[in-house]
Amino acid sequence: MERFLCIHGHFYQPPRENPWLEAVEIQDSAYPYHDWNERITAECYAPNTASRKLDGNGRIVEIISNYARISFNFGPTLLSWMEKYSSATYEAILEADRQSIKWRSGHGAALAQVYNHIIMPLATRRDKQTQVQWGIRDFEHRFQRFPEGMWLAETAVDTETLEVLAEEGISFTILAAHQARGVRRIGGARWHDVSGSRIDPSRGYLSQLPSGRSITIFFYDGPISQAVAFEKLLSSGEQFASRLMSGFSGHRNHPQLVHIATDGETYGHHHQFGEMALGHALNHIEGNGLARLTNYGEYLELHPPTHEAQIIENSSWSCVHGIERWRNNCGCNSGGNNGWNQQWRQPLRDALNWLSKQLAVCYEEGVSGYLDDPWVVRNEYIAIMLDRSEENVAAFLLRHSLRPLDEGATERVLCLLEMQRHAMLMYTSCGWFFDELSGLETVQIIQYAGRALQLAERYSIQNIEDEFLERLEQARSNITEQGSGADIYARYVKPAMIDLIEVGAHYAVSSVFEDYGDEIDIFSYRAFREDFLILHSGQMQLAVGRIFIRSSITRKADRLSFCTLYFGGHALNCGVRSFLGEDAYLAMKDEVVTAFNAVDFAAIIRLMDTHFDTHNYSLRDLFRDEQRHILNSIIAGTLQDFEDKFTSLYENSRALMGFLQETGMPVPHRFMTTAETALNLQLQKLFTAESVDRERIKAVVTELRDWNVAIDTVALEFTIRRRLEGSMAELLENPENADLLSEVILLVKAIASLPMDVNLWQPQNMFWALLHSRSSETTLSGEETDRKDTSWIETLRALGEQLYFNIDAQLVTRGDV
């Protein structure tokens, strides 16, 4: 009988966007990357777009996408981030789905996902429908086709969830084997108990639903999936392939499907080089004809279910207690925190459920008289979430409003729809998954609740925030200092809330450091400069202006006036308020300018207190990324002074250090610290210089080795990698530039001399593209040598060798040798 193999990767990250800025702010824990989305993209999502096939000597013979050969789903919120911040990876994922359609009988590898990863059995039917419809529409927008299957967050399921999937046209979903209760042949009378993971996972099963609809369920192989995720199976591609093949049985007489499902991050993030093990296993199985690689849609078309299954209601793949992990202290946690409990889960769930009901009432009452059907419009709101252009928003409101909406009504409707979006986001499953109420993921969902409350404030007939906090008070942290959920709300949510004044303050404070021009986007806001004056007096600067700020999300807007006095360094005072009219603005402007010209800075402070009252701001009030950028600028000079002093101290002390070392006397620690700092700085500068001095690099490395001091591998590796990627990008643009090619190989050879590893993944991809470009395909084979000299060809081949390619294998593949 035929053997089919399908590997499913669930690629997902919890939403990390600041709910007020709609952007992921810098996360220092992800260093040297900007944030964890960027880091995990570099470690996992991108590498799986270009997995290496190696020869027996570990050299690259082919680069191919893993995604096209497996089944996968990406969280819509993750893809939204990736489209903006890692567009090459995003496009490669879409292309992999298109490729899989060609390979798999018209069936794509990609599956949709419930929109923001909520636990579906714990949601109302209305919320279930929104999650599924948003997930489908997001998928259609990106992959340009209807999804055949849909991934359920944590594979959490109940019959109502399956009904909603089937109602929306979804053909199949994936569950764990322990979520099956009974099976029987279609048309048979007797159900067979298969609870306890006793179901045969090698076929698809039909689930006949009470409505008369049906949906296919694939129950993945649990033991193999568990081995991939937790038993280091990815340490060897051949070992992985062997374990996958062990899932087939000679006792079955039907076309078998061995399929597994794990977090996609397993392949590269959780397990370094896991994407290579995956690629190697796929190559080994397919290359040796051990099984036919497939995806669920193709297998379902070829072999429709012959059996039906019953599910265990309210079950999931990651909680042995069903779905209690997301509402109770069931004992499931991430481990490592003995003595902690998760009793906070239930009161948090109860508080959010109460809030959701209040927000529903607020929404219905708030849009009454404006929208034709509030809940249909909420389901359709994904159209705006995907395209917030003026034209699309206007067309959407025209379609769904009962009458033309003026500016105030437009703002009202958009605010209330945004409130409902955050009412969805606050149920993201990660908020309950981990151990502690004050953890990042839980604080994130409470911030979503806070944003929903803020949006509801103008349209609710009662103060629901106070009642919400009373309920949140019942959730208690394991960390005494963190207190209750209400304390956490006060500590992490309230200070994060911003309005248009805070956005204006960000503009005003940064205006003495940045030239914004007439218009500038500040995250999810747009600022229009209407008047601006900046004056200088030594280090002192005075900026006075009037701006119009508008939210790109809700269209809420305000005109603001500001005054910023910068003393130099990090000392700054700023006042911002809503515009009080032209006369008041001009009077303020004239007074502060007069005082500045008179060098009466104390008077300016008094005037700012008079005109702006308590609306005073400083560098502390900048949004985190701009704050970091400006502070780096401020300290740049001081850092340079430190660097010069360290370098001078080392150069002046090096001979003495050598003498001490020769006599056998331990070199004082402060000398060694100075050497480590100075030499690492030298390496950084050598790899950022216009041209690479390979001999000097070797000399510095030798000194580091002689003094037995460490290289700052994290910072240096990141610097070198970016430098090489930039040089390779230039070479791709101008592949016939022999000087540029020589410079690249010099850089690669310099890297090879370092006692550290540099991630060559992207440079290798670039070389692969260069190798298969028209200009190099002919020359590498020795053709058209009249156009290129032999040294250029040999240098290109040498570059491939340095980047660990089997160049001869490429030529054989093309028939050139």
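The model is predicted, so local features need pLDDT of at least 70 and side-chain atom pairs count only at pLDDT 80 or more, while totals for chains, interfaces and linings use all residues. Residues are numbered from 1 along each chain as its sequence is written, and side-chain values use heavy atoms, leaving out hydrogens and water.

Arg98 forms a salt bridge with Glu95, with the closest N and O atoms 3.0 Å apart (a salt bridge is a side-chain nitrogen of Lys or Arg within 4 Å of a carboxyl oxygen of Asp or Glu). Both residues sit in helix H3 (residues 87-103), three residues apart, about one turn of the helix (helices, H or I, have at least four residues and strands, E, at least two; both are DSSP runs numbered from the N terminus). Glu95 is partly exposed, at 36% relative accessibility.

Next, select Asp518 and Arg529. Their side chains meet in a salt bridge of 3.8 Å, N to O. The pair links distant parts of the chain, eleven residues apart: Asp518 is in the loop between helix H19 (500-510) and strand S15 (519-522), and Arg529 is in strand S16 (residues 525-537). Asp518 is exposed at 56% relative accessibility, whereas Arg529 is partly exposed at 26%.

For a network of salt bridges, select Arg125, Lys128, Asp158, Glu160 and Glu167. The count of salt bridges comes to 42.

Move to Glu25, in the loop between strand S1 (3-11) and helix H1 (36-45). Glu25 is buried yet has no salt bridge; the nearest side chain of opposite charge, Arg624, is 4.2 Å away (Lys and Arg count as positive, Asp and Glu as negative; His and the chain ends are not counted). What joins the side chains of Glu25 and Asn18? A polar contact of 3.0 Å does (a pair of N or O atoms within 3.5 Å, where within protein one must be able to donate a hydrogen and the other to accept it, and residues adjacent in sequence count only if both atoms are side-chain atoms).

Finish with Phe468, one of the residues with the most contacts inside the largest nonpolar core, which has 171 residues (buried Ala, Val, Leu, Ile, Met, Phe, Trp, Tyr and Cys residues joined through side-chain atoms within 4.5 Å). Apart from that core lies another, of 53 residues, among them Ala50 and Leu686.

How values were computed. Buried < 20%, exposed > 50% of the residue type's maximum accessible area, 1.4 Å probe, protein only.
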